[in-house]
Amino acid sequence: RQRVLVWGMVFAAVFAGVAFVLLAAQPSQARAAIEEIADLVEVIDPLAATDTTFIYTRSSSSALAEVPGVALGGITIEGDSLLYLLNSRRETWYGSEGTVQMRTTYLQPTFFSDADRDAYFAAGLDRQDEIGQTRTVTVHLPIEEWPHDSVALDRAIRDRMVTDRGLPETIEYLDVALGIVGESFATPQVRASTLRLIARLEGIQLLGPPSETLTFAVDYVDKGVETRFTITLDRNGYLRHQRVFNVTADDHLGLPPATAIYEAEFADPIVTGSLD
């Protein structure tokens, strides 16, 4: 009876160890979901501009702006700085030879109080921010070639990372990598490799059940403030939404909890023959 019990205990210990190894080897939900998107991206037809067509994108963004009180021309405010959210809408046409036309419209800001709104207009910041105006510029940008090989691509992304902002490596990595899956229109192979590299980053979690779009989050601390960075990808691997918000209050800036300090939404890119 003792012999049977001992062997039973040994078997249970071995089984538990094997189960732990198998569970540890399984990818997280976030990694599995992103890698599934990468597999789809790798085989889709790439978007490409020709001599007579353009790749057209449209996005809207909202970003926290801070103006020191001393720069307000004598306007009195509470606190050391005036804070508001600067809103804009951008349309971009990418040509075949690196020619890019960008049309940006600066929309009415979002304020945290009526007093902030009054101070903003009294200081003439609406003229400085060109609120209500649309600017169109045409520039020639060199076509960026990212490596197809995942090792070389990872090295290239890390070479572009900013490392002196005190942010986690995952956030700095995403800052570069999302530019590849966002509006760079790299080849499907490069975008798929980038997504697989993103899937392996530490701290990424899947929010909610998978659907036509999937949202992922990274939680971190920025200057003592608990912060969440979320990204939403569609099934074609394009970046559709991006958001950074403070989970806890930012006592230094005087921002309440759940304040979005950056948010951007991206429409599906399309091929068009018009610059309208």
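Which residues make the nonpolar surface patch of about 200 Å²? The views below answer this and look at two further sites. The model is a predicted one, in which local features need pLDDT of at least 70, side-chain atom pairs count only at pLDDT 80 or more, and totals for chains, interfaces and linings use all residues. Residues are numbered from 1 along each chain as its sequence is written, and side-chain values use heavy atoms, with hydrogens and water left out.

**View 1. The nonpolar patch is made by Val137, Val139 and Leu141.** Leu141 belongs to the loop between strand E5 (134–140) and helix H5 (150–160), and Leu141 is partly exposed, with a relative accessible area of 42% (buried means under 20%, exposed over 50%, and partly exposed in between, with a 1.4 Å probe and protein chains only).

**View 2. Asn246 is buried in strand E9 (residues 239–246).** The relative accessible area of Asn246 is 4%, and a polar atom of the Asn246 side chain lies 3.0 Å from the backbone oxygen of Pro256. Residues touched by Asn246 (contact means heavy atoms within 4.5 Å) include Val225, Thr227, Leu255 and Ile261, not counting residues up to four places away in sequence.

**View 3. Helix H3 (residues 114–122) has the buried residues Asp116, Ala119 and Tyr120.** These residues cover an arc of only 105° around the axis, which puts them on the same side of H3. The face turned away from that buried side carries the exposed residues Asp114, Ala115, Asp118 and Ala122. Among the elements covering the buried residues of H3 are strand E2 (81–94), strand E4 (110–111) and helix H4 (125–128).

Note on methods: Patch = residues over 30% accessible without salt bridge, like charges linked within 9 Å, V, L, I, M, F, W, Y side chains within 5 Å. Areas by Shrake-Rupley, 256 points an atom, 1.4 Å probe, with all protein chains shown as cover. Salt bridge = Lys/Arg side-chain N within 4 Å of Asp/Glu carboxyl O. Helix = DSSP H or I, 4+ residues; strand = E, 2+ residues; numbered from the N terminus. Polar contact = N/O pair within 3.5 Å; in protein donor to acceptor, adjacent residues only side chain to side chain. Arc of directions from axis to C-beta.
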